[in-house]
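Me: I am new to this structure, and I would like to learn how to read its sheet and a helix beside it. Could you take me through them step by step?

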Amino acid sequence: MTKETNTNIAHPCFDKEAKHSHARVHLPVAPNCNIQCNYCNRQFDCVNESRPGVTSTVLKPFQAFEYFRALEDKLDNLSVVGIAGPGDPFANAEETMETMERIKAEYPDKLFCVSTNGLNLYPYIDKLAKVGVSHVTITINAIDPAITAKVYKWVRFNKKVYRGIEGAEVLLEQQLKCIPALKGKGIIVKINSVIMPGINDEHIVEVARVCSELGADVFNCIPMIATKGTEFENLQQPDSKMVFKTRMQVSEHIELMSHCSRCRADAAGLLGKDLKDTHVMLKEFAKR
Ligand code: SF4
Ligand code: SF4
């Protein structure tokens with residue numbers, strides 16, 4: 001069921017074979033967020049794509065560029081530059097775009113990847129295509145506004161805060177229109193859904209079906225982590241039976257990603273084998 005893609009370069013998150021040979025780095029240049037997911041405590045990190053864990057520091061675009069250059073010397077086969085938080089890349093769009101543009105100018109052969117909640121992605125799709133972003137991940141936890149409304153405390157769009165069903169509708173409209181627009185630019189689209197028992201576990205298959213129809217390429221089901229200090233801190237975490245069942249249902253509609261490492265917003269190295277001393281490096285580059 002793999003759809004046509006625009007790149008032959010290996011991406012360790014999308015290509016199982018490349019997982020052990022190609023490294024990726026996440027550049028933590030995006031500290032702010034424009035929504036509040038009920039499972040996220042950003043004192044700890046963005047869980048869009050990752051496990052909770054503090055990002056060591058946030059970098060400015062020029063610091064991120066120098067940090068990237070240092071990692072390039074250190075890591076073999078560093079093929080992917082990703083921006084995944086610790087907030088949302090497009091709640092910090094200037095920093096996100098400037099970082100990618102700087103790196104693209106000196107390293108045109110790298111793959112560029114962003115992971116977002118999708119709320120403010122649409123206006124940047126042309127620019128992303130121009131800078132050569134090849135992979136975009138959008139976290140879509142529900143496509144029914146009544147369910148979406150249970151997942152988010154608020155949504156801030158065009159300087160206005162929305163709550164409940166109204167917020168859910170604003171978020172969904174933006175998220176869903178991005179999928180065909182990204183595909184129109186030849187960008188590979190991955191959808192993340194966080195499995196929240198009793199909230200969306202029965203509904204994720206419908207998210208997968210709709211996103212696949214809109215053109216999404218691959219789907220990643222992520223078990224929720226009940227993080228302290230969040231609305232969902234007492235929600236039961238999904239057990240392995242629920243995760244397996246959800247993945248099986250999803251796989252009937254779209255290609256499944258099964259080797260996600262739930263990495264941090266500042267991860268660097270091979271998937272599942274991150275470099276150990278990046279927090280020291282990050283602190284050093286943040287002082288420059
Ligand atoms: Fe891209 Fe996500 Fe992989 Fe990072 S973990 S490189 S954002 S797919
Ligand atoms: Fe947290 Fe990411 Fe959700 Fe923002 S989009 S609230 S950073 S999980």
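Me: In what order do the strands of the open sheet lie?

Reply: Strands here are DSSP runs of E with at least two residues, helices are runs of H or I with at least four, both numbered from the N terminus, and two strands pair if DSSP finds at least two bridges between them. In this case the open sheet has three strands in the order β2-β6-β7, with antiparallel pairing, and its edge strands, each pairing on one side only, are β2 (35–37) and β7 (160–162). This is a predicted model, in which local features need pLDDT of at least 70, side-chain atom pairs count only at pLDDT 80 or more, and totals for chains, interfaces and linings use all residues. Residues are numbered from 1 along each chain as its sequence is written.

Me: How many bridges join β2 to β6?

Reply: Three bridges join β2 to the antiparallel strand β6 (residues 152–157), and Q36 stands opposite W154 in β6.

Me: Why does the end-to-end distance of α5 agree with its number of residues?

Reply: The expected span is 1.5 Å times one less than the number of residues, so the 21 residues of α5 should span 30 Å, which agrees with the 31 Å between its end C-alpha atoms.

Me: Which residue of α5 marks a kink?

Reply: The bend at a residue is the angle between axes fitted to the seven residues ending there and the seven starting there. In α5 a kink of about 25 degrees lies at C178, shortly before the proline P180, and just after α5, G186 takes a positive phi of about 75 degrees.

Conventions. Chains are lettered from A and ligands numbered from 1 in the order in which they are written. Side-chain values use heavy atoms; hydrogens and water are left out.
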